[in-house]
Amino acid sequence: MSEKDINTNFENNNELREGEILKNENSFEDIPPRPIDPQPHTQNSYGGFSQKWNYERHEQKMRNKGKVAKALALTMSFLFVITLTAFVTYYYVDNHLDNGNNSIFSGTKNNNSNTDVNINEKVTYAERDDATEVISQYTGAELTSQEIINLATPSVVGIKTMIEQYYSFYGTQTYEGVGSGFIITEDGYIITNYHVIEDAVSIKVVMSDGTEYDAETVGFDSLSDVAVLKIEAENLPALVVGNSEAVVAGDTVIAIGCPSGIDLAGTATRGMVSKVNREIAITDYYGRNQKIMNVIQIDAAINPGNSGGPLLNSRGEVIGINTLKLSSTSYEGIGFALPINGVMALVDQICENGAVVERPADSFVTGKAALGISYREITPSESRKYSLPQGVLAVLVYQGGAAQKGGIKSGDIIVEFDGVEVTTDDKLIELLDSKKPGDVVKVKVYRDEEYKTLDVTLTEASE
């Protein structure tokens, strides 16, 4: 089998439509590819130790069954593994079909959402004259912890989700997830974390008095982990939005949410700001960087179920969204909140478009550099057998992605990236992780028994 025959199997479709993936009908050696941009995981290396940045959503232990099922699946026959991985590949392709590598459009607009919403006209900011009229207890002055809790608790909600996941041996399993959120407008707009509602088939909002509402998803941004919900209600107690740029280390803060479930809704924890603009890296299961976030570090206790709840300053104003913590038996009091200024810059777009269509230049989150392909290695034995160079085979090329725009085609073998030889997929990912979105790199490929060097402008990876 010649190299030309192999590349013929991966010949591009010249008539492309937006959102299409360039792919072949017959995979190389029938082995499905892995994506060059794997789904992000919360694993991270911090202080020299491998730790987890835990997105804290309280869930039942059904995930453990899923892990066991996956482990058992690995012991099945070769045919079963091929079938399963082919299904996963199809699922990955299907989920990225519309977006390609567009990291900006990461939300899905609900068809019932109001496209005319200008959320900033409805939100009460601390610096506005009408701020003191929102809640009679709010004065803009320093408050005691008791006053802050009394002021904010009616505005903090519990979020219950029903999540369905398919496992090989157990079939479709349904379990409940619990998180927190807070009201930002009197007519029912609520902010939470995206991971709280991710994969949910139904969402209910539980008010502080126990009243429940069905909620619809207005939109979300998975990269920044922000989501907006809407319930049909009026005259709700909305929180006052403060200024996270004014936060300094040592400021007193209070976090309110639903640790361990709805039964403990309204739980408040008190602490201080440990550091502002703390830069943390979120990595995937392989330890590869997925995004960089600049967050507020706090020592107030953050527990499962607190995700999406408000972080309040000493005046009872929201300055952040409680999102994650450093999880280890060796560490205590290391939690993180998304800065509210950066969040509100995204919320307006989410309410209008269902997603972030133009990420601010000073965004608190930056995605990793993306090439926009799925791939597999050309192994040494394959290289000898087919007289091909060792490298990384571009199996799928995403329409609108960096590779497609730079001229890389499905079936190309990447042998050099930014002047460095590439013989394995790990080497390619290592080199890609050293770059940032917008960088222009020279990529050398082997195609039709010839070598070509292409200029590729890297894009920002989506989640």
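This is a predicted model: local features need pLDDT of at least 70, side-chain atom pairs count only at pLDDT 80 or more; totals for chains, interfaces and linings use all residues.
## The chain as a whole

The protein chain contains 10 helices and 27 strands, and of its 463 residues 51% are buried. Among the contacts with a separation of 6 or more, 68% are between residues 24 or more positions apart. The accessible surface of the chain comes to about 21200 Å², and carbon and sulfur atoms account for 47% of that area.

## Aromatic pairs

A pair of aromatic rings is described by the distance of the centres and the angle of the planes. The count for this model comes to 2 aromatic pairs. Tyr194 and Phe220 form a stacked pair, with 4.5 Å from centre to centre and 20° between the planes; because planes under 30 degrees apart count as stacked, the 20° angle places the pair in that class.

This pair links distant parts of the chain, since Tyr194 belongs to helix α6 (residues 194-197) and Phe220 to strand β11 (residues 216-221), 26 residues apart. Both partners fall under the 20% limit for burial: Tyr194 has a relative accessible area of 15% and is therefore buried, and Phe220, at 13% relative accessibility, likewise counts as buried.

## Surroundings of Ala227

Ala227 lies in strand β12, which spans residues 226-230, and is buried with a relative accessible area of 0%. Leaving aside residues up to four places away in sequence, Ala227 touches Ile190, Ile191, Thr192, Asn193, Tyr194, Ile197, Gly219 and Phe220, a list that includes both rings of the stacked pair, Tyr194 and Phe220.

The C-alpha atoms of Ala227 and Gly354 are separated by 9.3 Å, although these residues stand 127 residues apart along the chain.

## Lysines over tyrosine rings

Two placements of a lysine over a tyrosine ring can be described here. The charged end of Lys230 sits over the ring of Tyr189, at 5.4 Å from its centre, whereas Lys444 lies over the face of Tyr451, with 5.1 Å to the ring centre.

Technical notes:
Residues are numbered from 1 along each chain as its sequence is written. Side-chain values use heavy atoms; hydrogens and water are left out. Rings of Phe, Tyr and Trp (its six-membered ring) pair if their centres lie within 6.5 Å; planes under 30 degrees apart count as stacked, over 60 as edge-to-face and the rest as tilted. Helices (H or I, at least four residues) and strands (E, at least two) are DSSP runs, numbered from the N terminus. Buried means under 20% relative accessible area, exposed over 50%, partly exposed in between (1.4 Å probe, protein chains only). A charge sits over a ring if NZ of Lys or CZ of Arg is within 6 Å of the ring centre and within 35 degrees of the ring normal. Contact means heavy atoms within 4.5 Å. Accessible areas come from the Shrake-Rupley method with a 1.4 Å probe; for residues, only the protein chains shown count as cover.
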